Amino acid sequence: MRSIIDILDLSVSEIDELIATAQDIIASPERYAHICEGKKLATLFFEPSTRTRLSFEAAMYELGGHVISMSDAGSSSATKGESVADTIKVVSCYADIIAMRHPKEGAALVASNNTGVPIINAGDGGHCHPTQTTADLLTIYREKGGFDGLTIGLCGDLKFGRTVHSLINAMSRYDDIRFVLISPNELKLPSYVKNDVLKKNNIPYKQTNDLEEAIPELDVLYMTRVQRERFFNEEDYLRLKDSYILTPAKLKDAKRDMIIMHPLPRVNEISVAVDDDPRACYFKQVLNGKYMRMALILMLLKEAGTL
Amino acid sequence: MNVDSIQNGIVIDHISAGNGMTLYDLLGLDQLDASIAIIKNVNSKKMGKKDIIKIDADIPVDLDLIGYVDPDATVNVIKNGTLVEKRKPELPEVLTDVIKCKNPRCITSVEQELKHVFRLTDKEKRIYRCIYCETKAN
């Protein structure tokens with residue numbers, strides 16, 4: 001049974017296929033409005049997440065399907081000590097496809113080893129969040145016209161930011177890509193990502209802690225939030241949370257066609273005043289996320305022979 | 001020093017000096033009701049110093065585990081006082097329940113029934129990563 005745990009579970013040609021389907025859905029939503037009639041998506045969220053869950057649920061409804069869900073993580077059988085494997089074996093008796101978020105890293109892999117239906121990882125702790133990356137890719141594709149030749153600035157929490165690691169993995173498969181890694185010293189990109197992805201694929205990158213100095217050369221600026229839940233130590237979180245705040249003044253030397261992205265939710269790392277800038281794309285990312293989740297649900301249900 | 005030859009059993013030879021006790025512990029040899037000799041810092045032409053473990057019992061040994069701890073070691077099977085087989089462990093692709101993932105955020109930290117599985121991700125540098133959370137084994 002095919003499941004999507006990591007963005008690299010999707011080949012470049014499958015990403016192309018998902019983008020093509022998403023573009024088609026955007027152009028002709030009515031053609032997809034009943035395609036999943038009678039099919040059920042189970043959303044299993046073992047930790048709170050409003051937007052990802054709503055996005056999956058909206059995606060399934062717009063395909064004409066149904067959604068079954070648990071009301072919140074506190075009411076689930078996990079609090080009674082049931083294993084992920086058992087929960088998945090039970091839920092896969094009810095649903096045609098499962099979107100799962102879990103606070104522990106690797107929970108999605110455990111689920112995929114015990115399922116009778118496709119699993120989509122909707123986030124497993126700080127590890128992977130592939131559908132956020134598909135949203136990012138569709139946004140870059142629609143705004144920049146493709147992926148090759150881009151200089152991508154990643155700013156903020158590059159240590160714990162799973163969206164950053166996934167995006168680096170995904171973008172590293174395209175030609176002539178360059179990364180600028182902007183972070184405080186404590187939140188630098190882990191060396192294993194640098195060694196296993198960037199150096200291994202001879203992808204040029206530079207590290208800096210100066211956002212304003214880096215901005216002029218960027219085609220994409222990907223901002224991230226310093227996430228409280230990834231820290232064991234509250235003091236470290238408070239010290240680092242305001243490291244980078246993007247304001248209109250900091251954008252004065254940016255390219256006119258640079259795009260500003262953010263996986264959301266933001267706290268204060270992008271000033272609200274930036275929202276009116278035509279380069280701000282973070283709310284488009286949200287919408288694109290729903291379309292890519294629709295495309296992914298379709299692809300997996302077809303592969304499973306359910307559609 | 002004199003250590004008697006064994007009649008039926010296993011000799012793990014060419015262990016890098018210092019790894020003998022690690023192998024003894026990981027192979028669970030302390031649980032074995034048999035004569036076992038750990039010989040440390042033996043002079044060796046090839047290695048300078050080496051450790052040797054002699055087990056006076058015909059038991060199955062986990063070649064993957066030996067390969068993980070010391071891929072240069074050799075395993076000699078002795079029957080009726082004669083060497084009948086020489087096995088060369090290799091760096092295993094997958095290690096199951098040999099080492100534990102120490103990442104407190106990993107699913108294996110809360111689900112006790114899960115096997116701890118590590119995959120070889122860099123043969124040259126001998127790097128193993130947990131298949132669940134990708135944390136490097138120490």
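This report covers a predicted model with chains A and B, taken region by region.

## Chain B overall

Chain B has 138 residues, and buried residues make up 30% of them. Its C-alpha atoms fill a box of roughly 50 × 30 × 25 Å along the principal axes. Two helices and eight strands are assigned. Their order along the sequence is β-α-β-β-α-β-β-β-β-β.

Three strands of chain B form an open sheet in the order 6-7-8, with antiparallel pairing. Strand 6 (94-96) and strand 8 (127-130) are at the edges; each has a single partner strand, so one side of each lacks a neighbour in the sheet. From one strand to the next, the twist averages 30°.

Strand 7 (residues 117-122) of chain B runs antiparallel to strand 8 of chain B, and four bridges join the two. Within this part of the sheet, B:L120 stands opposite B:Y128 of strand 8.

## Where the chains meet

The interface involves 12 residues of chain B, in contact with 12 residues of chain A. On the chain B side, seven are nonpolar, one is polar and four are charged.

## Parallel strands in chain A

Strand 6 (residues 178-182) of chain A is mostly covered, with four of its five residues buried. Strand 6 of chain A pairs with strand 5 (residues 151-155) of chain A in the parallel sense, over five bridges. A:L154 stands opposite A:L181 of strand 6.

## Helices 1 and 10 of chain A

Helix 1 (residues 12-27) and helix 10 (residues 282-303) of chain A cross at roughly 115°, and their axes come within 8 Å. The crossing is right-handed.

From helix 1 of chain A, the contact takes in A:L18, A:T21, A:A22, A:I25 and A:I26. They meet A:Y291, A:M292, A:M294, A:A295, A:L296, A:L298 and A:M299 of helix 10. By class, the contact of the two helices has 11 nonpolar residues, one polar and no charged ones.

## A:E269 in its loop

A:E269 is in the loop between strand 9 (259-261) and helix 10 of chain A. A:E269 has 19 C-beta neighbours inside 10 Å, so it counts as partly exposed; a residue is buried if it has 20 or more.

Leaving out residues up to four places away in sequence, A:E269 touches A:G156, A:M223, A:R225, A:Y244, A:I245 and A:L246. A:R239 is 30 residues from A:E269 in sequence, and their C-alpha atoms are 14 Å apart in space.

Notes. Residues numbered from 1 in each chain as written. Chains lettered and ligands numbered in written order. Predicted model: local features only at pLDDT ≥ 70, side-chain atom pairs only at ≥ 80, totals over all residues. Contact = placed C-beta atoms within 7 Å. Nonpolar A, V, L, I, M, F, W, Y, C, P; charged D, E, K, R; others polar. Buried ≥ 20, exposed ≤ 12 C-beta atoms within 10 Å, placed from the backbone. Pairing = 2+ DSSP bridges. Axes fitted to C-alpha atoms, helices over the stretch in contact; angles between N-to-C directions. Left-handed = near helix turned anticlockwise from the far one by under 90°.
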